[in-house]
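Take a look at the protein shown below.

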Amino acid sequence: MQNEYEVKKEICDIGKRIYNRNMVAANDGNISVKLNDNEFLCTPTGVSKGFMTPEYICKVDAQGNVIQSNGNFKPSSEIKMHMRVYQERPDVRSVVHAHPVYATSFAIAGIPLTQPIMPEAVIALGCVPIAKYGRPSTMEIPDAVSEYVQHFDAVLLENHGALTYSDSLLAAYLKMESVEFYAQLLYQSRMLGGPKEFTPQQVEDLYEIRRQFGMKGRHPANLCPNAKEGKPSCHTCGGGCHDKKENANVSADVVAEITRKVLEQLGK
């Protein structure tokens, strides 16, 4: 079992990976790890995730109050969002929030990641809905995320970024990688005329593979909120897992807008 210092080093390592993969800019993003029911480590506010060392990492209690911090370091202003995930998902041990370019572009355009286009995304991630916009550092974001925490392990934050969580820090980070890769493939396939989606039966076959693997976490294969109500599954709901019920058939104007935003964030 890792000691506290080793966990801090791992947080710094994951922070560097997020920064080096252009998932955050400047001081964006935040990471947390659950040590026990009342002790959590988290990244500080106002610090680049690519340049942290273990002494930067703060410790907070289950209410987000500071237990320990060094110098002028203060816990992330988004710690309320992390605490809500831990409160509602006892199985979660780590939460990662970042602004990956493609996934965030979909969040800005109001498009959930629901199209079943590759086996790995369907099996590992399921769908990625969008939580409605909330002002940073307020309870609006935790309240918006709360709607999806019980059903999904990854959520887009409207006009903001992405949130992933799992039973370890590495697993939570890898989910963020998967969300961004899925979003990039979906975007680029739309540029080529539109992706060829799996049929409902093919989706169900992939769900069954996941069940056979006994994979952890929350996923439409086990508890799709739409399917439970007799509606089409998340992968065939036409964006129905987004509170605005966006239509999955995205117009050329929307695609053009995504392109503009992606290029702006890439600095082109």
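Among the contacts in the protein with a separation of 6 or more, 67% are between residues 24 or more positions apart; contact means heavy atoms within 4.5 Å. The model is a predicted one, in which local features need pLDDT of at least 70 and side-chain atom pairs count only at pLDDT 80 or more, while totals for chains, interfaces and linings use all residues. Residues are numbered from 1 along each chain as its sequence is written, and side-chain values use heavy atoms, with hydrogens and water left out.

The secondary structure comes to 10 helices and 8 strands. These are DSSP runs numbered from the N terminus, with at least four residues for helices (H or I) and at least two for strands (E). Of the 268 residues in the protein, 51% are buried; a residue is buried under 20% relative accessible area, exposed over 50% and partly exposed in between, with a 1.4 Å probe and protein chains only. The accessible surface is about 12,200 Å², and carbon and sulfur atoms hold 51% of that surface. Such areas come from the Shrake-Rupley method with a 1.4 Å probe, and for residues only the protein chains shown count as cover.

Two packed helices are described by the angle between their axes and the distance between the axes. Axes here are lines fitted to C-alpha atoms, for helices over the stretch in contact, and angles run from 0 to 180 degrees between N-to-C directions. Helix H1 (residues 4-20) packs with H6 at an angle of about 10°, with the axes 11 Å apart. H1 and H6 are therefore roughly parallel, a term for angles under 35 degrees, with over 145 counted as roughly antiparallel, 65 to 115 as roughly perpendicular and the rest as oblique. Glu10, Ile11, Ile14, Arg17 and Ile18 of H1 meet Leu169, Leu170 and Tyr173 of H6. By type, the residues of this contact are 6 nonpolar, no polar and 2 charged. Ala, Val, Leu, Ile, Met, Phe, Trp, Tyr, Cys and Pro count as nonpolar, Asp, Glu, Lys and Arg as charged, and the others, Gly among them, as polar.

On the H3 side the contact involves Val101, Tyr102, Ala103 and Phe106. The residues of the contact of H3 with H6 comprise 8 nonpolar, 2 polar and 2 charged.

Beyond its neighbours within four places in sequence, Lys175 is in contact with Ala124, Leu125, Asp153, Thr164, Tyr165 and Ser166.

Met23 sits in the loop between H1 and strand E1 (30-36). Its relative accessibility is 1%, so Met23 counts as buried. Met23 and Ala98 lie 75 residues apart in sequence, yet 5.9 Å apart in space, C-alpha to C-alpha. Leaving aside neighbours within four places in sequence, the contacts of Met23 include Met176, Glu177 and Glu180.

In H5 (residues 140-149), 7 of the 10 residues are buried, so H5 is largely enclosed by the rest of the structure. The buried residues of H5 pack against helix H2 (79-88) and strands E6 (130-131), E7 (154-157) and E8 (161-166). H2 is itself largely enclosed, because 7 of its 10 residues are buried, including His82 and Arg84.
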